[in-house]
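I opened the structure today and kept notes as I went. The entries follow the order in which I looked things up.

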Amino acid sequence: MSSAGFRSVAPDGDGVTVNIDGTALTLQRGRSLLAALLLSGRPGAAADFFCAIGQCQRCVVTVDGRPRLACLTVPKGGESVLTLATDPRPPPWSR
């Protein structure tokens, strides 16, 4: 039986570093940007776990100057990511 909480299915060790809103963050290779945002405790709509399949497009971030869905983006390392950390949209479950 596993412990409570989330756990990664990716093997430990092999990590990549991305720059999120000016802060370097190292995450496991194979982990999506959405997972990185959730695990780092980032505020804003980009870090909401809503659909995680790209349908709602709530997790849109800018990766190296281009809009991307955080839930479908797996960084290779060295990317520069900008979120709307001050996004005024409330979480969908609070409406």
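I needed one rule before anything else: two strands pair if DSSP finds at least two bridges between them. The strands themselves (E, at least two residues) and the helices (H or I, at least four residues) are DSSP runs, numbered from the N terminus.

**Entry 1: ground rules.** I noted that this is a predicted model, in which local features need pLDDT of at least 70, side-chain atom pairs count only at pLDDT 80 or more, and totals for chains, interfaces and linings use all residues. Residues are numbered from 1 along each chain as its sequence is written, and side-chain values use heavy atoms, with hydrogens and water left out.

**Entry 2: the outline.** I found 1 helix and 5 strands in the protein. Along the sequence I read the pattern β-β-α-β-β-β.

I then looked up burial. Buried means under 20% relative accessible area, exposed means over 50%, and partly exposed lies in between, with a 1.4 Å probe and protein chains only. Of the 95 residues, 32% count as buried. The protein exposes about 6200 Å², and carbon and sulfur atoms supply 56% of that area. The areas come from the Shrake-Rupley method with a 1.4 Å probe, and for residues only the protein chains shown count as cover.

I also looked up contacts, meaning heavy atoms within 4.5 Å. Among contacts between residues at least 6 apart in sequence, 41% join residues at least 24 apart.

**Entry 3: the sheet.** In what order do the strands of the open sheet lie? I wrote down β2-β1-β5-β3-β4, with mixed pairing. The edge strands are β2 and β4, each of which pairs on one side only. The twist averages 40° from one strand to the next; for such angles, axes are lines fitted to C-alpha atoms, for helices over the stretch in contact, and angles run from 0 to 180 degrees between N-to-C directions.

I went through some of the pairs. β1 and β5 (residues 80–82) are parallel and share 2 bridges. In this part of the sheet, N19 stands opposite S80 in β5. β3 and β5 run antiparallel and are joined by 2 bridges, and T62 stands opposite L82 in β5. β3 and β4 also run antiparallel, with 4 bridges. Here V61 stands opposite R68 in β4.

**Entry 4: the core.** A nonpolar core is a set of buried Ala, Val, Leu, Ile, Met, Phe, Trp, Tyr and Cys residues joined through side-chain atoms within 4.5 Å. The largest one has 16 residues, and those with the most contacts inside it are L33, L37, C59, V61, A70 and V81. β1, α1 (33–40) and β3 each supply at least two residues of this core. Which element gives the most to it? I found that α1 does, with 4 residues.

I checked what L33 touches, leaving out residues up to four places away in sequence: V18, V61, V63, A70, T73, P75 and V81. Two of these names came up again when I looked at the faces of β3. V61 and V63 make up the covered face of β3, while V60 and T62 make up the uncovered one.

**Entry 5: two loops.** D21 lies in the loop between β1 (15–20) and β2. Its phi is positive, about 50°, although D21 is not a glycine. With a relative accessible area of 27%, D21 is partly exposed.

D64 lies in the loop between β3 (60–63) and β4 (66–69). These two strands form a hairpin with 2 residues between them, and D64 in the turn has a positive phi of about 50°. Is D64 buried or exposed? D64 counts as exposed because its relative accessibility is 51%.

Entry 6: Q28 is in strand β2 (residues 23–28). I listed Q28 as buried because its relative accessible area is 14%. The side chains of Q28 and R31 are joined by a polar contact of 3.1 Å. A polar contact is a pair of N or O atoms within 3.5 Å; within protein, one must be able to donate a hydrogen and the other to accept it, and residues adjacent in sequence count only if both atoms are side-chain atoms.

L84 is in the segment after β5. L84 is exposed, with a relative accessible area of 56%. The C-alpha atoms of L84 and R42 are separated by 10.0 Å, and the two residues are 42 residues apart along the chain.
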